[in-house]
Amino acid sequence: MSTQKGKIGVTTENIFPVIKKFLYSDHEIFLRELVSNAIDATQKLKTLSSFGEFKGELGEMNVKVTVDEKAGTLTVSDHGIGMTAEDIEKYINQIAFSGAEEFLAKYKDNANAIIGHFGLGFYSAFMVAKKVEIRSLSYKEGSEAVKWECDGSPEYSMEPTDKKERGTDIILYIDDENKKFLQQSEIDMLLKKYCRFLPVPVISGKEQEWKDGKMTDTDKDKVINITEPTWTKKPSELTEEDYKSFYHELYPGQEDPLFWIHLNVDYPFTLTGVLFFPKIKNNFEITKNRIQLYCNQVYVTDSVEGVVPDFMMLLQGVIDSPDIPLNVSRSYLQSDTAVKKISGYITKKVASRLEEIFKNDRADYEKKWDDIRIFIEYGMLTDEKFCDAAMKFTLLKDTEGKYYTLDEYRTLISTNQTDKDGNVVYLYTTDPIAQYSYIQAATEKGYDVLVMDGQLDSHFIGLLESKIEKSRFVRVDSDVIDNLILKSERKTAEMSSETREMLSSLFRNQIPKVEKSEFIVSFESLSSDSNPVLITQNEYMRRMKDMAAMQPGMSFYGELPDSYNLIVNMESPVIKKISESAEKELAPSLAPLNKEISENNNKIKEIRDGAKDGKLESDKEAEVKALEDATAAKRAEEEKLINEFGSNQPLVKQTIDLALLANGLLKGSELNDFIKRSVSLL
Ligand code: ADP
Ligand code: MG
């Protein structure tokens, strides 16, 4: 052929600025594209050879990346099918005409994986090069080697050249802003990132050895990739060790994974991969080691949002699918139907694999449960389908360290822990040490207590209540034991309203100030050997506050003080003693005051009842006001008497402090006073 000059066939005036700026946000991916093309060319020739369409020697089929800092060039060479002048005209000069698509259509089911999709990858070279040269010799018999050259304008030139070896060299004359791509270390890093698992050996630089006190190049070529990564093999050919070492290859310095799932689908889309359940040490420390997405063994990205279901962001490993477009935006990915199907498939597969592991080796599954439950609970909370599947292999752990499935547990507790309304009450603790005395009381009563101390448990409990019919979760310290599971109507202690009011003020006055806390005094007839005073926290309010702590939108609940119930056990001998002496010494002096108060109240009522149309004359109004003031004064007097009496009754303070202490609410000077008082009471 003679030298040919021409215009690259683009419909728009000049596509290069577009490619340079917008096509790929990351300049570095030009290397991925060029190496992918070289791999494609190699795979194509192998395919042709296996079909007998190429009869020559394949020879050494590798791809080489060479940097020449002096010449300012970066070269990607292959020994693949090469290109004739017509091929270049067709595949390179006609932008956006993808040769890969055409080839695939022809050899659909047998083509070794072809990476290229869009027919634009080659031009990404212009993101970093001021000039690009192609030197190529086609595999076709009698082909003439050809050299193509373009400086980034739509003009190119093409002429015959003297290349002897079959295949293609792509030579990039790196521009001034991108000099870093002339550094072997930079290229090594990029190849490690994008080409680590490519199916054809990729060579760049030389192996090094320690010589004369420094690292020196040997003359052995350095292969940077593993050509048959674990996920491309059959599960039956792999051992546990293979999976583990693959995991460590992906994420160096991590502990062994807990489980893995080998994915392998070819209909209705193609997908392979291995997902690992990592041992998560602290919270969601998962941001660093994420699932990597590959397209025919070419690394695409590790931001897989949208491709895998949200909750699986906690997993690690590799997903490889030629159906996931290589170079498109995230929003496109999320609306892509293939991608949606993939996500649904992965969910199903993960659920069925978990169920299988659970069924096959329950002991092992139980051992790992504490580590995987965060993942499963998160999945159940965020994915309806996964939730339904996971109801079968979700475990509950009780304070004895025994594990139950949801069904097993329900059977275990339903006889003993069903309340008067037919709800099965699941008792739980969020802190077995802090709530020890409550757990103790519950176990003595024959109840079982679950440990729900995970980060997601407060949400998870709500989910279980909605999923399990007639179930209620109650924290073990949210009421006194007899009332936790009410089997008949709640019984409060019987006493006159006067006595109740007197004792109520007596105890309320003696509660020390506890920051951001509020106490409501009530009286119950518990067993005589139960504690004299108990503090419980309302389940509903506590949950609201817990949720508020996690969700900034619910700050209203977060602002509320903690509200506790201070329950006085009227059957306790100490309380009996206190109430008897109050009855004897305090009640007589309160009686006349009470009488006056009630007389005043009656008078007020009488006046108000006599009012016409509910409106009082002004003299009556004044009378009511005077009576009310008098009542308030009497009340203050009563309070004072009760207070005086109370401060001479160290047992009141002592029983309250004991209850506070059991809940970790007694601190600072109050704690100090308690100790002093205890000593003096001895
Ligand atoms: P795609 O890979 O998506 O087809 P590219 O722009 O990367 O698009 O490449 C366009 C075409 O150029 C390829 O389909 C292929 O036919 C041809 N080509 C590119 N690089 C090579 C190569 N190293 N060897 C042979 N053909 C190549
Ligand atoms: Mg390509």
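These are my notebook entries on a predicted model of one protein chain.

**Entry 1. Overall counts**

I began with the whole chain. It has 682 residues, and 48% of them count as buried. I listed the secondary structure next and got 21 helices and 22 strands. For contacts between residues at least 6 apart in sequence, I noted that 70% join residues at least 24 apart.

**Entry 2. Nonpolar cores**

Which residues have the most contacts inside the largest nonpolar core? I found Val350, Tyr365, Phe375, Ile376 and Phe386, in a core of 60 residues. Helix α8, residues 337-360, gives the most to this core, with nine residues. I then looked up a second, separate core of 59 residues, which includes Leu74, Ile88, Phe246 and Leu250. As background, nonpolar side chains tend to be buried together in soluble globular proteins.

I went back to valine 350 for its contacts. Leaving out residues up to four places away in sequence, valine 350 touches Ile261, Leu275, Phe277, Met312, Leu315, Phe375 and Phe386. Two of these names, Phe375 and Phe386, also stand in the list of residues with the most contacts inside the largest core.

**Entry 3. Strand β11 and its partners**

I took strand β11, residues 271-277, next. Six of its seven residues are buried, leaving the strand mostly covered. β11 pairs with strand β10, residues 259-265, in the antiparallel sense over seven bridges. A hairpin through five residues joins β10 to β11. I checked one bridge of this pair: phenylalanine 259 has phenylalanine 277 of β11 as its partner.

β11 also pairs with strand β14, residues 316-320, again in the antiparallel sense, here over five bridges. In that pairing I noted threonine 272 opposite aspartate 320 of β14.

**Entry 4. Strand β7 and its partners**

Is strand β7 largely enclosed or left open by the rest of the structure? I counted seven of the eight residues of β7 (residues 167-174) as buried, so the strand is largely enclosed by the rest of the structure. Strand β3, residues 73-78, runs antiparallel to β7 and is joined to it by six bridges. Here aspartate 78 has threonine 168 of β7 as its bridge partner.

Strand β4, residues 129-137, is likewise antiparallel to β7, with eight bridges between them. I looked up one of these bridges: glutamate 133 is partnered by isoleucine 171 of β7.

**Entry 5. The β8-β9 hairpin**

I turned to strands β8 (residues 202-211) and β9 (residues 214-223), which pair in the antiparallel sense over six bridges. Glutamine 208 stands opposite aspartate 217 in β9. The two strands form a hairpin with two residues between them. Aspartate 212, in the turn, has a positive phi of about 50°.

**Entry 6. The open sheet β18-β17-β19**

In what order do the three strands of this open sheet stand? I read the order as β18-β17-β19, with parallel pairing. β18 and β19 (471-475) are at the edges with a single partner strand each, so one side of each lacks a neighbour in the sheet. Neighbouring strands of the sheet are turned by 40° against each other on average, direction ignored. For β17 and β19 I noted five bridges in the parallel sense. One of the residues paired there is tyrosine 426, whose bridge partner in β19 is phenylalanine 473.

**Entry 7. Helix α11 over the sheet**

I followed the sheet to helix α11, which lies across β17, β18 and β19 and runs at about 105° to β17. Which residues of helix α11 (residues 406-414) are buried? I found Leu406, Tyr409 and Ile413. Seen down the axis of α11, the buried residues fall within an arc of 65°, so they line one face of the helix. An α-helix has 3.6 residues a turn, so residues three or four places apart point the same way.

The face of α11 turned away from its buried side carries the exposed residues Asp407 and Thr411. On the buried side, I listed what α11 packs against: β15 (395-397), β16 (403-405), β17 (424-429), β18 (449-451) and α13 (457-467).

Definitions and conventions:
Residues are numbered from 1 along each chain as its sequence is written. Chains are lettered from A and ligands numbered from 1 in the order in which they are written. This is a predicted model: local features need pLDDT of at least 70, side-chain atom pairs count only at pLDDT 80 or more; totals for chains, interfaces and linings use all residues. Side-chain values use heavy atoms; hydrogens and water are left out. Helices (H or I, at least four residues) and strands (E, at least two) are DSSP runs, numbered from the N terminus. Buried means under 20% relative accessible area, exposed over 50%, partly exposed in between (1.4 Å probe, protein chains only). Contact means heavy atoms within 4.5 Å. The arc is that of the directions from the helix axis to the C-beta atoms. Two strands pair if DSSP finds at least two bridges between them. A nonpolar core is a set of buried Ala, Val, Leu, Ile, Met, Phe, Trp, Tyr and Cys residues joined through side-chain atoms within 4.5 Å. Axes are lines fitted to C-alpha atoms, for helices over the stretch in contact, and angles run from 0 to 180 degrees between N-to-C directions.
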